[in-house]
Amino acid sequence: MKSYYIFGITDCGNYRETNEDGILINHEVLDSGSYSSVAQEPFITAVCDGVGGENAGEVASDQCLRQLSLISYSSETDIEREINIIHNKIKQRGIRLENAVNMQTTLCSLFVDEDGRALCVNIGDSRMYRYTDGGIRQISTDQSLAQYLYNDGRINEFDELTPQMRATIISSLGSINQAPKPQYVPLVTKIGEESKVDIILLCSDGISDYVSIDEMQIILSMDTLFDDKIKMIHRMAQRNGSTDNMSVIGLISEHQLSEHDKAIAKRHEREKELAILMRQARKHKNADLEELSSSSIDMLREKFSKKDD
């Protein structure tokens, strides 16, 4: 069973007070901060961006990711059915909640099955990129008005449209007017099998509108820690004047990490396990366990596995 290291960041950005973005990493949903984890096949990781101009975008994106996190994904999963269930739940919740009618969200997600086959599932204008051996390409296609008009030959450049028209999307989850039209893009090769460096990048438009594909390529090609590459892409969007919420996830096959990266990933996993076990210690009112180092994880694990039996 193959393992993948995933690191992501999401925040409200330079100017917004609310973060309508969210990220899903190894069943954990975040709407603020950074998170890393090692995921084993099969799994789902995703970015959502609540639709601006509609109500309660942050509720829609959060619900979408939480519903995704509950899916026991495998090659037998009917993804289209699961997407429609999520869409209908968001729509129905929006109708029930005050000031939330027609709340919507984008979704850009990576589904990896038990055999390592990867699939991009995209709705809206969040994006997926793949970086392999020095080159980067966009995997998803924006489901936006600008992209539609460009593909149809009605415009030659996106700059011909007003900023509001460029930001308009033509497919989303939660709309009361139409069902989503998911784009499914199978990755031709398994991640990390045929390239020395193989990175998947997921991001909201608060990143992709302000960091060019060339800038992403330069950053991902740098000889630095994996987490730092993702942080640099996030900082680049800030420095380039992003006015939106900002979310970015990086994924790499664990065997392609440097030894330093692997040590950091292992430390993060142990710190998270320690935090969980410390919560168990407080729950069982063991005051003598309030201050423990990560070296005590094995002892704690054994202690509380016995208590919970």
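These exercises work through a predicted model of one protein chain.

**Exercise 1. Describe the largest pocket: its volume, its lining and the helices that contribute.**

Step 1. Start with the volume. The largest pocket holds about 1,000 Å³ of space.

Step 2. Turn to the lining. It consists of 34 residues. Nearest the pocket centre lie Asp-125, Arg-166, Ala-167, Thr-168 and Asp-205.

Step 3. Sort the lining by class. There are 15 polar, 11 charged and 8 nonpolar residues.

Step 4. Assign helices. α3 (145-151), α4 (163-166) and α5 (205-208) each give at least two residues to the lining.

**Exercise 2. Compare the span of helix α7 with the expected value, then find its buried residues.**

Step 1. Helix α7 covers residues 226-239, which is 14 residues.

Step 2. From first C-alpha to last, α7 reaches 20 Å. This is close to the 20 Å expected at 1.5 Å a residue.

Step 3. The buried residues of α7 are Phe-226, Asp-227, Lys-229, Ile-230, Ile-233, His-234 and Ala-237.

Step 4. After α7 comes Gly-241, with a positive phi near 90°.

**Exercise 3. Is Ser-36 buried or exposed, and what does Ser-36 touch?**

Step 1. Locate Ser-36 in strand β4 (residues 33-40).

Step 2. Apply the cut-off. Ser-36 has a relative accessible area of 7%, so it is buried, as buried means under 20%.

Step 3. List partners beyond four places in sequence. Ser-36 contacts Tyr-5, Ile-6, Phe-7, His-268, Glu-269 and Lys-272.

**Exercise 4. Examine the backbone at Pro-42, Asn-26 and Asn-102.**

Step 1. Recall the background. Most peptide bonds are trans, and most residues other than glycine have a negative phi.

Step 2. The bond from Glu-41 to Pro-42 is cis, with omega near -5°. Pro-42 sits in the loop between β4 and β5 (43-49).

Step 3. Asn-26 has a positive phi of about 50°. Its loop joins β2 (21-25) and β3 (28-30). Asn-26 is partly exposed, at 24% relative accessibility.

Step 4. Asn-102 has a positive phi near 70°. Asn-102 lies in the loop between α2 (79-96) and β6 (107-112). With a relative accessible area of 11%, Asn-102 is buried.

How values were computed: Residues are numbered from 1 along each chain as its sequence is written. This is a predicted model: local features need pLDDT of at least 70, side-chain atom pairs count only at pLDDT 80 or more; totals for chains, interfaces and linings use all residues. Side-chain values use heavy atoms; hydrogens and water are left out. On a 1 Å grid over the protein atoms alone, a cavity is a set of points where a 1.4 Å probe fits but cannot get out, and a pocket is an open set with protein on both sides within 12 Å along at least five of seven lines; lining residues have an atom within 4 Å of a point. Grid points are joined across faces, edges and corners, and a volume is the space filled by probe spheres set on the points. Helices (H or I, at least four residues) and strands (E, at least two) are DSSP runs, numbered from the N terminus. Ala, Val, Leu, Ile, Met, Phe, Trp, Tyr, Cys and Pro count as nonpolar, Asp, Glu, Lys and Arg as charged, and the others, Gly among them, as polar. The expected span of a helix is 1.5 Å times one less than its number of residues. Buried means under 20% relative accessible area, exposed over 50%, partly exposed in between (1.4 Å probe, protein chains only). Contact means heavy atoms within 4.5 Å.
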